[in-house]
Amino acid sequence: MYALSLIECAAVTLDTMKNGRKKTTLDFLTVVSIAVGCSVFIFSSWDETHFGKMGSYYINRTFFFDVHPPLGKMLIGLAGYLSGYDGTFPFQKPGDRYEQHNYMGMRGFCAFLGSCLVPFAYLTVLELSKSLPAALLTAFILIFDTGCITLSQYILLDPILMFFLMGAVLSMVKCNSCADRPFSASWWLWLSLTGVNLAGAMGVKFVGLFVVLLVGLNTIYDLWDLLGDLNLSLVMFGKHFLARVLCLILLPLTLYMAMFAVHFAVLNKSGPGDGFFSSAFQSQLIGNNLHNVSIPEHLAYGSVVTMKNLRMAGGYLHSHWHLYPEGVGARQQQVTAYLHKDLNNLWIIKKHDSNTDLSDSSSPVEFVRHGDIIRLEHKETSRNLHSHQHEAPLTRKHFQVTGYGINGTGDSNDFWRIEVVGRRTGKLIKVLRSKIRLMHVATGCILGSTGKTLPKWGWEQVEVTCTPYVKETPNSLWNFEDHINPKLPNISLDVLKPSFAEILLESHMVMIRGNSGLKPKDNEVTSKPWHWPINYQGLRFSGVNETDYRVYLLGNPVVWWLNLFTIGLYLLIAISTAVALKRGVQLTSEHKELSRVVLCGGGQVALGWLLHYLPFFMMGRVLYFHHYFPAMLFSSMLTGITWDTLLKFFSQFLSPSTKARRVYGVGILALILLIMYSFYLFHPLSYGMIGPMASDPSSPMAGLRWMDSWEF
C-alpha cells in the first residue's frame with residue numbers, strides 16, 4: 001500500500017509535465033523506478049545512523065553539528081514528523097531494528113526523491129537529443145542500477161542532493177530551449193527553478209557547488225553568445241544579465257541563507273553540537289550553562305576566568321595536580337585542554353610584576369588591555385601558566401606548557417602578552433566576543449592546542465603546547481568564557497549575542513574545518529576516486545548486525561562498465577566530429593543534426609561529469625564510493641546520448657530504411673535487455689542477500705564475485 005501511494009504521488013506530480021505518449025512513458029518509468037527502489041528492510045543502515053539521528057534532533061529541537069549544510073537533514077526531519085515519527089529511535093549503529101518506530105516516512109521521502117531522478121534524466125536527455133530512444137535508454141540505466149536503488153531506499157542525503165542536482169540540470173536545459181522567446185513566462189519559470197534547485201543542491205552538501213559551476217559556465221557561454229548578437233541592443237543585453245543575476249545569484253543566496261535561519265530557529269536547545277561553536281553562540285541555546293547568564297563584560301585583573309580554545313571541538317585551558325612523567329620535558333604540573341566543565345579550568349588573571357591580592361574590595365578595578373603582560377595563576381593549585389624550551393610531549397618543535405611556581409611565585413617564564421585579534425593597543429577585552437592569543441614573552445611562542453590526545457598519564461586529555469610558528473589559526477586563538485569578579489557589574493549575555501551574519505559565517509568556518517578534518521573510522525571501507533568508475537569496490541551497507549551485512553552498495557556492473565567505456569567512446573566520436581566539421585567535410589542534414597547532438601548535448605553532459613568527478617582527486621578529506629554517484633548520473637545520460645547517436649549514424653548507411661530502423665531498434669533493445677539481465681543477477685545486493693557469504697561455493701552469489709575486491 002505504501003509503494004502504491006508513492007506511485008500515485010509520482011503520477012500526479014508528473015501529470016502536468018507532459019501530455020500524450022511522453023506523459024505515458026514518464027508515468028510508466030516513474031512507477032517502475034519507485035517499485036524497483038522501494039525498501040522494506042527493517043534494520044538501520046550505514047549513514048542512517050547519522051542522518052536519521054539528525055532528523056530526530058530537528059524533531060526534538062536539539063542543536064547538533066554536521067559538516068554539511070542543513071537542508072537535507074531538515075527535510076528528513078520534516079518527513080519523519082509529518083509521517084508520525086516521534087524522534088526517539090537512538091540510531092546507535094547499523095543493524096539496529098526499528099521495532100515499533102515509524103521510519104517509513106523518512107525512507108519513503110528519500111525513495112520518492114530518488115525515483116524522480118529517472119524522469120529528470122529522461123526529460124534532460126530528451127531535450128538535449130530530441131530522441132525518445134536515447135531518453136529511454138538513460139531511464140532504464142538508472143532504473144536498473146543497483147547502486148542508485150540502494151542509495152535511494154535509505155535515510156541518506158545522497159538522493160536529496162541528486163534530486164536538486166538533476167532538477168537544476170533539467171531546469172537549465174529547459175531554459176536554454178526557451179532562448180528564442182526570452183522573458184516569456186516559461187523562460188522565467190525555468191530560470192527561476194534553476195536558481196531554486198541550485199540553492200537546494202548547495203543546501204544539502206557542499207558538493208552542490210559543482211552543479212553551480214556547471215550552470216555558471218553555461219550562463220557565461222550564453223551571455224557571451226548574446227553579446228555577439230549585433231541585433232541585440234546593449235539595453236536588452238543588460239536586461240538578460242540582470243535577469244540571470246536575480247535568478248541565479250540573488251535568489252539562490254537568499255534561499256540558502258533562509259535555510260540557515262530556519263535551522264538556527266528550530267534548533268534552539270543545547271545538544272551534542274554545542275562544543276563545536278563559540279561561547280557567544282552557545283549562550284543562545286536553551287539548557288546550555290551560558291544561557292541566561294549574567295557576567296562582567298570586560299576583563300580585569302583579579303578576575304577568575306575559563307579560557308576556551310577556538311579550534312573545532314576545542315577544550316578549556318586546564319591543569320591538575322598530576323605532573324608530566326619522567327622523560328617528558330620538565331617534570332612539572334600538567335597543562336592540557338579539557339572538553340568538559342571542571343573546577344580545574346579556572347584561572348586568575350594577575351599582573352606579571354605584582355602579587356597583590358586584587359580580590360580586596362578596597363583595591364581599585366584595573367582592566368586588562370590589549371598588549372598587557374599578564375600572569376595566569378591556576379586557581380586550584382596556585383601554580384602559574386608556564387613555558388620553556390623543553391619539547392612538547394607529542395608535537396615536535398613545539399615547547400612544553402606546564403604549571404610552575406608556589407602560591408603564584410614563579411619566574412619570568414610565567415609572563416604572557418595578551419593580544420586581541422583586530423584590536424589596537426590599549427583596548428579593553430570582552431568576554432565571549434574577543435578572540436585572544438597569548439604570546440610567551442621569553443620565547444615568543446604562542447599558546448595553543450594541537451588537538452592530539454595525550455596518553456593515559458595525561459588522562460587522555462588534549463595536548464597544549466607553545467608553538468614558535470606565529471600563525472593566526474583557531475588552534476592558537478582563545479576566548480574567555482566564564483568570568484567571575486565581584487567588583488564588576490554583571491551584564492546579560494544577550495547583549496553579546498552574535499548577529500545572524502556572524503553565526504552564518506561561524507557555522508561555515510566550522511563546517512569547512514570539519515570537512516577537511518574528516519578521517520576514516522576503524523575498520524571503515526574508504527576508497528579513492530580512480531576506484532569509482534570501474535566499480536572496483538563497494539560499501540557494506542546494512543544487515544542483521546555489525547559483521548553480517550546483507551545489503552552492499554555496488555553499481556550494476558554492466559551499467560558502470562558500459563558508462564566507463566562510453567566516456568572513452570564519446571571522446572573519440574566528439575574529436576572525430578569536431579575535426580570533420582573543421583575540415584569542411586560535407587555532411588547530410590541528418591549527420592549535421594547528429595553532430596550537433598554529440599557536440600552540444602553530449603558536451604554539456606560530459607562537462608557535468610568532469611566537474612562532478614575530477615575535483616575529488618584534489619580533496620584531502622576521506623572519500624567513499626557514494627561520492628561518485630552525482631557524476632554517475634551524468635555518465636548515464638552521456639551513455640544514452642552516445643549510443644543513440646552511434647546507432648543512428650551506422651544505421652543510416654543501410655538500406656532500405658526499414659532495415660536501418662530495425663538495426664537501430666535492435667541495438668537499443670539489446671542494451672536495455674543486457675542492463676535488465678545484469679540487474680536480475682545482482683538485485684540481491686540492493687534488496688538483501690540470503691545464505692552464506694559469496695566466498696562460500698554454496699552461496700547464491702558465489703559466481704557473481706567478478707572482482708576480488710567486491711566484499712559481499
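Tutor: Start with the pair of helices α11 (residues 209-227) and α16 (residues 589-613), whose axes come within 9 Å and cross at roughly 145 degrees. The model is predicted: local features need pLDDT of at least 70 and side-chain atom pairs 80 or more, while totals for chains, interfaces and linings use all residues. Residues are numbered from 1 along each chain as its sequence is written, and side-chain values use heavy atoms, without hydrogens or water.

Student: What makes a stretch a helix, and how many helices are there in the protein?

Tutor: Helices are DSSP runs of H or I with at least four residues, strands are runs of E with at least two, and both are numbered from the N terminus. The protein has 19 helices and 16 strands.

Student: Which residues of α11 and α16 meet?

Tutor: Contact means heavy atoms within 4.5 Å. Phe210, Val211, Leu213, Leu214, Leu217 and Asn218 of α11 meet Gln604, Leu607, Gly608, Leu611 and His612 of α16. By class, this contact has 7 nonpolar, 4 polar and no charged residues. Nonpolar covers Ala, Val, Leu, Ile, Met, Phe, Trp, Tyr, Cys and Pro; charged covers Asp, Glu, Lys and Arg; the others, Gly among them, are polar.

Student: Why is Leu299 called buried?

Tutor: Buried means under 20% relative accessible area, exposed over 50%, and partly exposed in between (1.4 Å probe, protein chains only). Leu299 has 0% relative accessibility, so Leu299 counts as buried. Leu299 is in the loop between β1 (294-296) and β2 (304-309). Leaving aside neighbours within four places in sequence, its contacts include Val305, Ile349, Phe367 and Phe480. The C-alpha atoms of Leu299 and Ile349 are separated by 8.7 Å, with the two residues 50 apart along the chain.

Student: Why is Ser382 called buried?

Tutor: Ser382 has a relative accessible area of 19%, which is under 20%, so Ser382 is buried. Ser382 is in the loop between β6 (373-378) and β7 (384-391). Not counting residues up to four places away in sequence, Ser382 touches Glu377, Gly405, Ile406, Asn407 and Gly408.

Student: How do you know that the span of α5 is close to the expected one?

Tutor: The expected span is 1.5 Å times one less than the number of residues. Helix α5 (residues 104-115) has 12 residues and reaches 16 Å from its first C-alpha to its last, close to the 16 Å expected.

Student: What makes α5 mostly covered?

Tutor: In α5, 10 of its 12 residues are buried, including Met106, Phe112 and Leu113. For the protein, buried residues make up 55% of the 712 residues.

Terms used. Axes are lines fitted to C-alpha atoms, for helices over the stretch in contact, and angles run from 0 to 180 degrees between N-to-C directions.
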